[in-house]
Structure formats: structure tokens, C-alpha cells
Amino acid sequence: MAIEAHNVRVIGEGRETVVLGHGFGTDQSTWRHLVPHLTIGSNYKVVLFDMMGAGTTNPEFFDFDRYSTLNGHVFDLIAILEELQVTKCIFVGHSLSSMVSLIASILRPDLFVKLVMLNASCKFVNTHDFYGGFEQQEVDQLSEAMTTNYLSWCSGFAPLIVGGDMDSVVVQEFSRTLFNMRPDISLCTFKMIFESDLRSLLCMVSVPCHIVQSSKDMAVPSTVTDYLQQNIGSKTIVEIIQTEGHIPQLSSPDITIPALLRHIQCDIVVS
């Protein structure tokens with residue numbers, strides 16, 4: 001069952017369901033600052049899960065063919081919602097799970113009220129007609145480093161993504177969850193993310209989208225956020241928050257959590 005395989009937890013008994021999806025190298029613990037605001041004295045039922053391949057999941061369940069594209073994770077998400085008999089939810093996704101939710105919403109728009117996407121990208125690699133933030137050569141070098149010495153790679157990649165030095169508590173936490181992934185699974189997931197290109201699918205999205213983006217994120221340049229806003233087919237709202245790093249729900253919760261709550265709780269127009 002998907003519920004057991006993905007360590008699904010359901011907290012609260014509210015009428016509205018909020019599903020929280022995490023990004024690469026993390027797990028459901030990345031939402032620990034947000035969950036209390038949704039479950040204490042609120043009307044929300046919160047669903048947390050671990051994406052297959054996260055260090056908290058059973059590596060024996062990881063099918064390298066299935067998860068060579070985003071679709072494997074998309075079908076996982078749909079299966080979780082169906083098993084829980086969720087008919088409508090607000091999906092809050094960080095990075096990778098934002099991409100997953102976009103595709104899932106195209107296949108099953110009936111399952112989603114809206115998508116709240118934190119530091120989302122439709123494509124990470126630069127091409128002649130798109131600036132995603134990474135040159136292919138850089139991605140190849142990172143992949144090679146993962147293969148050569150995974151622990152060393154984690155130590156270098158974590159501060160780069162979080163936006164801090166190794167003494168930072170958040171960098172250390174991300175290093176831990178990243179290192180908890182089995183190296184071959186981490187490499188497969190990493191390559192899948194950087195090979196993904198959702199640009200042609202954006203026009204097919206019909207569910208309202210709320211994009212919350214760090215003002216300084218080395219993984220997602222502002223041009224990508226602009227592209228998402230201009231090309232997603234549904235009503236799309238963007239809020240740029242004054243934070244640094246790709247995982248602001250951990251590194252800057254005092255700024256990020258209130259922003260996420262605003263977008264979860266109501267339809268707002270942010271200038």
C-alpha cells in the first residue's frame with residue numbers, strides 16, 4: 001500500500017485537507033515549522049508523506065525504471081490521495097514535489113483545489129532558449145562527484161543549496177537527510193530532476209497555482225519564476241519572499257511560514 005511505503009501521516013481532523021510534499025534530499029520533516037500552524041486550532045487535516053527514495057523510505061521499494069522520470073512520483077502521489085480517499089486538497093510542494101504536483105494536477109485536476117509551490121522550477125538546465133540556472137557541464141560534474149565520493153559531495157552540495165556554511169544548523173540537517181539517501185538512489189533522482197523539462201505541459205495546468213519564491217535561490221533564478229507565471233495555463237499568483245537559499249522553510253521559517261499560510265488560507269493578489 002502507498003500509505004505504508006511512503007510513511008504517510010495524517011494529523012488533524014479539519015474539513016480541508018492540506019498535503020505537504022518535500023524536495024530532493026529531504027523528507028517530511030522539512031515541514032516541521034509549518035505543521036503546527038495548520039493543525040493547532042485550525043480547520044485543516046494535514047497529510048505528510050515521504051517521496052520514494054528519501055532516506056526514510058525502504059530502498060528496496062525504489063524501482064529505478066519507474067523513477068527515471070517524474071511520472072513514477074506522480075502516480076505515487078495520486079495513489080496516496082486515492083487510498084486516503086482525498087477528493088480535494090490544497091497541495092503544498094517544495095521544489096521536486098512542486099513539479100510532481102503540476103503533472104498530477106493535469107492528470108487528475110479533480111483532486112486539487114490549488115497548488116502552493118515553493119521554489120519551483122520547470123527546468124533546471126540552460127538551453128539556447130531557456131535559462132534554468134545550470135549548465136549541462138556543471139550537472140555532469142556534480143553527477144561525477146556523487147559517484148566518486150558521495151559523503152564529500154553531500155558536504156559540498158548542502159551549503160550550496162541551503163545558502164550557508166557547514167556550521168549552520170540547517171546545512172547540517174540537510175546534509176544529514178541527503179546522506180541518508182542511498183547513493184545510487186540519490187544519483188538516479190538527481191539525474192531525473194535535471195533531465196526533466198515541464199515547459200510543454202504548463203499550458204495544460206487548470207488548477208490555480210500560488211508560487212512562493214526566495215529572492216535569492218541559486219537553484220531557481222528569477223527568470224524561471226517569471227516563465228512559470230507567464231506560461232502556466234491557470235490563474236497564477238507569485239510572491240517573492242526576502243530569503244536566501246533553496247530550502248527557506250528551514251533556513252528562514254519566520255519569513256517563509258507566514259507567506260505559505262497566506263497562500264494556503266486564501267486567494268490573495270500579491271503585487
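**Reading burial, salt bridges and packing**

Modeller: Glu 173 is buried, with a relative accessible area of 12%. Keep in mind that this is a predicted model.

Colleague: With which residue does Glu 173 form a salt bridge?

Modeller: With Arg 32; their closest N and O atoms are 2.6 Å apart. The pair links distant parts of the chain, 141 residues apart. Glu 173 sits in helix 7 (residues 169-179), and Arg 32 in the loop between strand 2 (16-21) and helix 2 (35-39). Arg 32 counts as partly exposed, at 40% relative accessibility.

Colleague: How many salt bridges does the count come to?

Modeller: The count is ten. Another pairs Glu 60 with Arg 182, whose closest N and O atoms are 3.9 Å apart. Glu 60 lies in the loop between strand 3 (44-48) and helix 3 (71-83), and Arg 182 in the loop between helix 7 and helix 8 (183-195), so the pair ties together parts 122 residues apart in sequence. Glu 60 is exposed, at 63%. Arg 182 is partly exposed, at 31%.

Colleague: Which parts of the chain do Glu 244 and Lys 216 tie together?

Modeller: First the contact: their side chains meet in a salt bridge, 3.9 Å from N to O. Glu 244 is in strand 7 (residues 236-244) and Lys 216 in strand 6 (residues 209-216), so the bridge ties together parts 28 residues apart in sequence. Glu 244 is partly exposed, at 41%, whereas Lys 216 is exposed, at 52%. As for networks, salt bridges with shared partners join Glu 60, Arg 182 and Asp 184 into one.

Colleague: On to cysteines. How many disulfides does the structure hold?

Modeller: A disulfide is a covalent bond between the sulfur atoms of two cysteines. This structure holds zero. Take Cys 89: the closest cysteine sulfur, in Cys 209, is 12 Å away, so it is too far for a bond. The cut-off is 2.5 Å. Cys 122 is in no disulfide either; its nearest cysteine sulfur, that of Cys 209, is also 12 Å away. Cys 89 is buried, at 1% relative accessibility, and Cys 122 is buried, at 0%.

Colleague: Which residues have the most contacts inside the largest nonpolar core?

Modeller: They are Leu 102, Phe 112, Trp 153, Phe 157, Phe 190 and Ile 232, in a core of 73 residues. Follow Trp 153: leaving out residues up to four places away in sequence, its contacts include Phe 24, Leu 142, Met 146 and Phe 190. A second, separate core has 20 residues, among them Val 212, Ile 241, Ile 257 and Leu 261.

Colleague: Which residues of helix 11 are buried?

Modeller: Thr 256, Ile 257, Ala 259, Leu 260, Leu 261, His 263 and Ile 264. To check the helix geometry, count 1.5 Å a residue: the 13 residues of helix 11 (residues 253-265) should span 18 Å, and the end C-alpha atoms are 17 Å apart, which agrees.

Colleague: What does Val 92 touch?

Modeller: Beyond residues up to four places away in sequence, its contacts include Leu 260 and Ile 264, plus Val 18, Trp 31 and Val 116. Val 92 lies in strand 4 (residues 89-94) and is buried, at 0%.

Colleague: Backbone next. What is the phi of Asn 119?

Modeller: Near 50 degrees, a positive value in a residue other than glycine. Asn 119 is in the loop between strand 5 (112-118) and helix 5 (136-148). Asn 7 also has a phi near 50 degrees, in the loop between helix 1 (2-5) and strand 1 (9-11).

Colleague: Is Asn 119 buried or exposed?

Modeller: Asn 119 is buried, at 0%. Asn 7 is partly exposed, at 29%.

Key:
Residues numbered from 1 in each chain as written. Predicted model: local features only at pLDDT ≥ 70, side-chain atom pairs only at ≥ 80, totals over all residues. Heavy atoms only, no water. Helix = DSSP H or I, 4+ residues; strand = E, 2+ residues; numbered from the N terminus. Expected span 1.5 Å × (residues − 1). Buried < 20%, exposed > 50% of the residue type's maximum accessible area, 1.4 Å probe, protein only. Contact = heavy atoms within 4.5 Å. Core = buried A, V, L, I, M, F, W, Y, C linked by side-chain atoms within 4.5 Å. Salt bridge = Lys/Arg side-chain N within 4 Å of Asp/Glu carboxyl O.
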